[in-house]
Amino acid sequence: MSQKKITFDNLEIGIVESDDKVVYTFNGDIDENFRQQDVPRFEKSEIIFELGDVLNFNSCGIREWIFLVRDIGSCGTLIFRNCSVTMIDQINMVPDSLGVGIIESFYAPYYCDSHGEINQVIRLDEYLNDIEQKKAPDFKCSQCGEALEFDALEESYFLFADTGFKSTG
């Protein structure tokens, strides 16, 4: 297993390669400083993008991102894991942001009266029917046990369900 790190001004990408898969962990902003050609490609059965810490995109960054996703998607099965709310918003605005990627899990915005905003992870293999119907799954606050309220418009937030997404389930 090998590990490396690539750093751009506002983005760090950790890369962990094993025999059958490679995991890219993105942390920060995908902006004009991101150069997709500097991200190494690996031919693996699974290529996993950990996206829980993607904070922002700008127009230059999304252009580079689309080039990366198109290219790396031809190297193996591309899996998007723990997509941040920002990442889901980007996929909804620009469906090419997903490329041939498969969404495995993502964060969705919820609200607890006692604890404020909570980004709840949703695994598609567990909640596929809800997401296909653009219905936010029901969750309870892990701190107080109260029901969480979905904090976005379901039709808009789950728009990616219309783009032909696939789950890993």
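This is a predicted model: local features need pLDDT of at least 70, side-chain atom pairs count only at pLDDT 80 or more; totals for chains, interfaces and linings use all residues.
The points below cover backbone angles, cysteines and surface charge.

**Residues with positive phi**

- Most residues other than glycine have a negative phi.
- K134, although not a glycine, has a positive phi of about 55 degrees.
- K134 counts as buried, because its relative accessibility is 18% and the cut-off for buried is under 20%.
- N82 likewise is a residue other than glycine with a positive phi, near 55 degrees.
- The loop that holds N82 runs between β5 (77-81) and α2 (85-93).
- With a relative accessible area of 19%, N82 is buried.

**Cysteines**

- A search of the whole structure finds zero disulfides.
- C141 takes part in no disulfide, and the nearest cysteine sulfur, that of C144, is 3.7 Å away; a disulfide would need the two sulfur atoms within 2.5 Å.
- C141 is buried, at a relative accessible area of 4%.
- C144 is also in no disulfide, its nearest cysteine sulfur being that of C112, 3.7 Å away.
- The relative accessible area of C144 is 31%, and this residue is therefore partly exposed.

**Surface charge**

- A patch of negative charge on the surface brings together D113, E117, E146, E149 and D151.
- D151, one of the residues in this patch, sits in the loop between β9 (149-150) and α4 (154-157).
- D151 is partly exposed, with a relative accessible area of 41%.

Conventions
Residues are numbered from 1 along each chain as its sequence is written. Side-chain values use heavy atoms; hydrogens and water are left out. Patches are made of residues with over 30% relative accessible area and no salt bridge: like charges are joined within 9 Å, nonpolar side chains (Val, Leu, Ile, Met, Phe, Trp, Tyr) within 5 Å. Accessible areas come from the Shrake-Rupley method with a 1.4 Å probe; for residues, only the protein chains shown count as cover. A salt bridge is a side-chain nitrogen of Lys or Arg within 4 Å of a carboxyl oxygen of Asp or Glu. Lys and Arg count as positive and Asp and Glu as negative; His and the chain ends are not counted. The place of a charge is taken as NZ of Lys, CZ of Arg, CG of Asp or CD of Glu. Helices (H or I, at least four residues) and strands (E, at least two) are DSSP runs, numbered from the N terminus. Buried means under 20% relative accessible area, exposed over 50%, partly exposed in between (1.4 Å probe, protein chains only).
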